[in-house]
Amino acid sequence: LRKAFGKPLADQGMLRRDVGMLRCEIDQARLLVLEAARSIDEEGGVFNPKARQRIAMIKFIVPQMASKVIDRAIQVHGGGGVSSDFPLAFAYAQARSLQLADGPDEVHLNQVAKMELARYSEKKK
């Protein structure tokens, strides 16, 4: 167990706060993936607008969340987090590359926004 200020890291208030927030973000991403899968299965495959929008959200949210979780783990491990003693630096590089693998975040966010705005412009007509 790593210790800081004479206490295990798990007993540090700020770390507990971060763990709680990161757990929420992991579950948010997981639930979005499950909802996209449900939409694909039940609403006409990957070409239905609802699924396409969720897939674009996933391509933005999941790699970003993974990078954030790993970055916090690196911070907690201090210098060891970027050394070869732990796999964290490698994991961060992999997670960061996922943010570019299927196009930059801006492309996915633009797609999400276009689909969202289209929903409201169609309702007004």
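**Stop 1: two packed helices**

Helix 2 passes helix 3 in a left-handed crossing. The model is a predicted one. To find the pair, select residues 49–77 for helix 2 and residues 88–101 for helix 3. Two packed helices are described by the angle between their axes and the distance between the axes. Here the axes come within 9 Å and cross at roughly 160°. An angle over 145 degrees counts as roughly antiparallel, and helix 2 and helix 3 are therefore roughly antiparallel to each other.

Next, show the side chains where the two helices meet. On the helix 2 side, select Pro63, Gln64, Ala66, Ser67, Ile70, Asp71, Ala73, Ile74 and His77. On the helix 3 side, the partners are Leu88, Ala89, Ala91, Tyr92, Ala95, Arg96, Leu98 and Gln99. Colour this contact by residue type: 11 of its residues are nonpolar, 4 are polar and 2 are charged.

**Stop 2**

Side chains of opposite charge can pair when their charged atoms come close. There are 12 salt bridges in the structure. Select Glu25 and Lys68 for one of them, with N and O 2.9 Å apart. Glu25 belongs to helix 1 and Lys68 to helix 2, so this pair ties together parts that are 43 residues apart in sequence. With a relative accessible area of 43%, Lys68 is partly exposed.

**Stop 3: a network of charged side chains**

Which residues are linked in a network of salt bridges? Select Glu35, Arg38, Glu42, Glu43 and Arg54 to see them. Arg38 is partly exposed at 26% relative accessibility, whereas Glu42 is exposed at 57%.

Now centre the view on Arg54, another member of the network. Arg54 lies in helix 2. Is Arg54 buried or exposed? Its relative accessibility is 18%, so Arg54 counts as buried. Leaving aside residues up to four places away in sequence, Arg54 touches Leu32, Glu35, Ala36 and Ser39.

**Stop 4: Ser39**

The C-alpha atoms of Arg54 and Ser39 are 8.8 Å apart, and the two residues are 15 apart in sequence. Ser39 has 0% relative accessibility and therefore counts as buried. Show what surrounds Ser39: with residues up to four places away in sequence left out, Ser39 touches Gly44, Gly45, Asn48, Lys50, Ala51 and Arg54.

**Stop 5: a pair in helix 4**

Finish at helix 4 by selecting residues 105–124, which include Glu116 and Arg119. These two side chains form a salt bridge, with the closest N and O atoms 3.0 Å apart. Glu116 and Arg119 are 3 residues apart, about one turn of the helix.

Methods
Residues numbered from 1 in each chain as written. Predicted model: local features only at pLDDT ≥ 70, side-chain atom pairs only at ≥ 80, totals over all residues. Heavy atoms only, no water. Axes fitted to C-alpha atoms, helices over the stretch in contact; angles between N-to-C directions. Helix = DSSP H or I, 4+ residues; strand = E, 2+ residues; numbered from the N terminus. Parallel < 35°, antiparallel > 145°, perpendicular 65-115°, else oblique. Left-handed = near helix turned anticlockwise from the far one by under 90°. Contact = heavy atoms within 4.5 Å. Nonpolar A, V, L, I, M, F, W, Y, C, P; charged D, E, K, R; others polar. Buried < 20%, exposed > 50% of the residue type's maximum accessible area, 1.4 Å probe, protein only. Salt bridge = Lys/Arg side-chain N within 4 Å of Asp/Glu carboxyl O.
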